Structures are given as C-alpha cells and as structure tokens.
Amino acid sequence: MQNIIHDICTGLLDLIYPPFCLVCNTAGEDYLCAKCIESIDIIGPVHCHTCGMPTEKFKCSDCQVREYSFESAASAGVFDGTLREAIHQLKYNSRTALADPLAEIMVRSFPDTRLAGRIDIVVPIPIHRSRHLERGFNQAEELASRFCRRLRLTLSTNALVKTKKTQHQVDLPQDLRYTNVQGVFRVNNPASIAGKRVLLIDDVITTGSTLSEAAKALTGAGATSVCAYTLARSI
Ligand SMILES: [Zn+2]
Ligand SMILES: [Zn+2]
C-alpha cells in the first residue's frame, strides 16, 4: 500500500515538476535520461567467475592469488563516466531519485535470473550508524530494496551491522583497504541467517574487501552460501 501511495505521489509530482536527468540536466526525461543510460558500460557475461572483473579468463590475475569469503561477485556496469557520476550524485548529493533507474539497471543486468530462485535473503552492505545519521540513508539499502521489490526477493536490512566507522575505502591505498574493514561487521541475529543462501548488495566493488568481510560475518553465523552483486565495479 505504501509503495502504491509513493508511486501516485511521485507521478503527481512529475506532472507538476517534470523530471530532469540528474547527471546531464536534460529536461523532461527521467531522473536518468535514456542517453545517459545508454552510455553506461555494462559488464556482460564474460568476466572473472570469482570477483566479476571483466576478463576472458575464468579467474582474473588478482583472484589467482587472493581468497574471498564470498562464493562469487558480479556487477552491473563499469564504475566510470555516467555510472560513477550517478553514484556520486546519489551518495553525496542525496539524489535518492536516482535509486530507481540505477536499481533497474541492476535488475536488467542481473547475470543469472535463475540465481534469484536460489536466494533466500538479500542483505545490503550496512553503513555505520553515525554515517547513516549524517547522510540520512544507506545507498546500498536504497538499491537493494528496489532490486528486491522488482525480483520479489526477501530483503533484510538489519541482518548485518557495521560496528566501526571506517575511512572511505576509495581514499585508501589498496593494501590498507583490507585492514580498514577487518572485523567491522557483526550479524545481529545469527538464527535468522543460519542455513540461508545470501545475496549481498552494494553500490561499488573495488578490491572486494568490504564484501568479503561482510560475507565472512555471514558464513560465521551459519549462512549456507554468500554471493555478491553490485551496481558498479572499478576496473
Ligand atoms: Zn542524462
Ligand atoms: Zn577475479
């Protein structure tokens, strides 16, 4: 019911104030215009089966020397150009209207729709409580809730908690990104995770450290499997 009311209100607002693209300012289109969507570099089915990096190889060179706590990760598009700008607008300029078209890109590029039938629960990567207060929302949750609504998946926004405020991964050199997130996630209620096949959702994957650390907490709580899916991937 809440969703229907939200959709009606959004529709009425769009009539009064027609939307404009929040990336290129084209008026009268959606919050992300067709031209901007078209310019996004979508990652096709040819990618590393472990971390989702576009490569012809089954395993990319990084994954040949690294272990992750998740089974596999995949991403919708390359973190560059329009997609990078759209994520920046969503996250740092509170343009939450972008979550709708961005989640739609995630739905359309979901690598294996059959996988949806093998997921028990979808968990967005949490942000620290203080960051949540400061920003007012968690971008991963905004994306995951819409993704779940479209694919009729079960969302759990309180399964994982981030117990420490960390530095932004993007500000750190690669070697410090592993230690920056070590032990920062805790499972709220292990009984709700035990025996479940989990899909983690985040906005961007860079080294995979954050997703791996979250997956470690979930498998520690008894999750049967943990896969990850992000809107974008740094390459
Ligand atoms: Zn545009
Ligand atoms: Zn890889």
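The site of the zinc ion (ligand 2) is tetrahedral, with angles of 104 to 117° among its 4 donor atoms. This is a predicted model, so keep that in mind as you read on. The site of the zinc ion (ligand 1) is tetrahedral too, and the angles among its 4 donor atoms run from 105 to 117°.

**Zinc ion (ligand 2)**
- The protein donors here are the SG atoms of C48, C51, C60 and C63, and they lie 2.3 Å from the metal.
- Along the chain, these donors follow the spacing C-x2-C-x8-C-x2-C.
- C48 and C60 both sit in the loop between α2 and β1 (73-78), and this pair, 12 residues apart, links distant parts of the chain.
- Buried or exposed, what about C48? C48 is buried, with a relative accessible area of 0%.
- C60 counts as buried as well, at 7% relative accessibility.

**Zinc ion (ligand 1)**
- Which residues hold on to this metal? Its protein donors are C21, C24, C33 and C36, each through SG, lying 2.3 Å from the zinc.
- The donor spacing along the chain reads C-x2-C-x8-C-x2-C.
- C24 lies in the loop between α1 (2-16) and α2 (34-38), while C36 is in helix α2, so this pair ties together parts that are 12 residues apart in sequence.
- C24 is partly exposed, with a relative accessible area of 35%.
- C36, on the other hand, counts as buried, because its relative accessibility is 7% and the cut-off for buried is under 20%.

How values were computed
Residues are numbered from 1 along each chain as its sequence is written. Chains are lettered from A and ligands numbered from 1 in the order in which they are written. This is a predicted model: local features need pLDDT of at least 70, side-chain atom pairs count only at pLDDT 80 or more; totals for chains, interfaces and linings use all residues. Side-chain values use heavy atoms; hydrogens and water are left out. Donors are N, O and S atoms within 2.8 Å of the metal (3.2 Å for Na, K and Ca); water is not among the atoms, so sites may look incomplete. Four donors count as tetrahedral if all angles lie between 85 and 135 degrees; four count as square planar and six as octahedral if opposite donors are over 155 degrees apart and all others between 65 and 115; anything else is irregular. Helices (H or I, at least four residues) and strands (E, at least two) are DSSP runs, numbered from the N terminus. Buried means under 20% relative accessible area, exposed over 50%, partly exposed in between (1.4 Å probe, protein chains only).
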